[in-house]
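Hi there,

Here is the structure I promised to pass on. Have a look at it first, and then read on for what turned up in it.

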Amino acid sequence: SVLTRSYGERAAHHSNPAAKALLETMERKKSNLCVSVDVSKKDSFLSIIDAVGPYASLIKAFAPRLLLTHVDIIEDFDEELVKQLLELSVKHDFLIFEDRKFADIGNTVVLQYSGGVHRIASWAHITNAHPIPGPSIVSGLASVGLPLGRGLLLLAEMSTQGSLAHGAYTEDAVHIARTRRDFVIGFIAQRRMEGVGLYAGEALDESEDFMILTPGVGLEVTGDALGQQYNTPRAVVLEAGCDIIIVGRGIYGKNNAVDIAATQTSAERYRKEGWRAYEERLRR
Ligand code: S5P
């Protein structure tokens, strides 16, 4: 089973270059930690990334969730930021996951992914999408991302209280991913989901290897005021069988006033906890 394979071994089961690179850097840096950096100033954004770079294998960049309106998180976004982000990604050996959560028709997501102010496909190794529109969203994004060697994650479940992504929705998300294994490298989910999305007559392919990235990870608190729910790295990696823990406020604190030393200490703490749980899982 995937659960008893090392990240390094699993790299061989992926043909997608982003998936391969991610699993290899995780093994190399002994880190299954993805740091989520949701701050609104370019300077804070870059200094957090520089600080946690040595401790994370994947940086989840700013998330301009609704491009149609004015909600882009980084107020002073520019081309220079992208350049510096890419320099940091080389310096610290991490990949960039733009948590864009695409959710529109194929034609629109092609434009959103390739163009606009942010030109996400040009710099983000990995991005994600809600499967709500059906398989066409994956085809649209793949037409932009595959030629660039990018990978996609589907949101099969969410960490929030009352999430609608469960049951048949989650089943279908996994099913869609199975039909596009060249581009869909894994899921945002809360558990391994083994056997989910296998419809009558379908067989589980031995080479199938999806990465499970899990947000809603915290050591100090069990939630926030807006429906977020937290589990420990151990519960997520060892008990639920997920591969990567996504941690935001648990690492960098609450706002733009960044305490670099404290950020580094907590990044290392989460990295250690996540890695220990993974090593224990391998021995099971
Ligand atoms: O279901 C989800 C999916 C995502 S990508 N729940 C989440 O919280 N996320 C993201 O993970 C969210 O957008 C945020 O960037 C991060 C969690 O941040 P934290 O500060 O609560 O750790």
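A polar contact here is a pair of N or O atoms within 3.5 Å; within protein, one must be able to donate a hydrogen and the other to accept it, and residues adjacent in sequence count only if both atoms are side-chain atoms. Please keep in mind that this is a predicted model, in which local features need pLDDT of at least 70 and side-chain atom pairs count only at pLDDT 80 or more, while totals for chains, interfaces and linings use all residues. Residues are numbered from 1 along each chain as its sequence is written, and side-chain values use heavy atoms, with hydrogens and water left out.

Let me start with Ser57. A polar atom of its side chain lies 3.3 Å from the backbone oxygen of Ser31. Ser57 sits in the loop between helix 3 and strand 2 (58-60); helices (H or I, at least four residues) and strands (E, at least two) are DSSP runs, numbered from the N terminus. With a relative accessible area of 0%, Ser57 is buried (buried means under 20% relative accessible area, exposed over 50%, partly exposed in between, with a 1.4 Å probe and protein chains only). Leaving out residues up to four places away in sequence, Ser57 touches Leu22, Thr25, Met26, Ser31, Asn32, Leu33, Phe94 and Leu95, where contact means heavy atoms within 4.5 Å.

Next, a helix pair. Helix 3 (residues 42-52) packs with helix 4 (residues 79-92) at an angle of about 5°, and their axes are 10 Å apart. This makes helix 3 roughly parallel to helix 4 (angles under 35 degrees count as roughly parallel, over 145 as roughly antiparallel, 65 to 115 as roughly perpendicular and the rest as oblique). The axes are lines fitted to C-alpha atoms, for helices over the stretch in contact, and angles run from 0 to 180 degrees between N-to-C directions. On the helix 3 side, Lys42, Phe45, Leu46, Ile49 and Asp50 meet Leu81, Gln84, Leu85, Leu88, Lys91 and His92 of helix 4.

Two residues have backbone angles worth a look. Most residues other than glycine have a negative phi. Asp93, not a glycine, has a positive phi of about 65°. Asp93 is in the loop between helix 4 and strand 3 (95-102) and is partly exposed, at 27% relative accessible area. Met193 also has a positive phi, near 60°. Met193 belongs to the loop between strand 6 (184-188) and strand 7 (211-214), and at 6% relative accessibility it counts as buried.

Now for the record. Under "binding site", the unreviewed UniProt entry lists Asp38, Ser159, Gln228, Gly248 and Arg249; such annotations may be inferred rather than shown by experiment, and the positions follow the numbering used here, with feature names shortened. In the model, the side chains of Ser159 and Gln228 make a polar contact at 2.5 Å. Ser159 is found in the loop between strand 5 (151-155) and helix 7 (168-179) and is buried, at 9%. Gly248, in the loop between strand 8 (244-247) and helix 9 (249-252), is buried as well, with 15% relative accessibility.

Last, Gly241. Its loop runs between helix 8 (233-239) and strand 8, and Gly241 is buried at 3% relative accessibility. Gly241 and Val2 are 239 residues apart in sequence, yet 9.2 Å apart in space, C-alpha to C-alpha.

Best wishes
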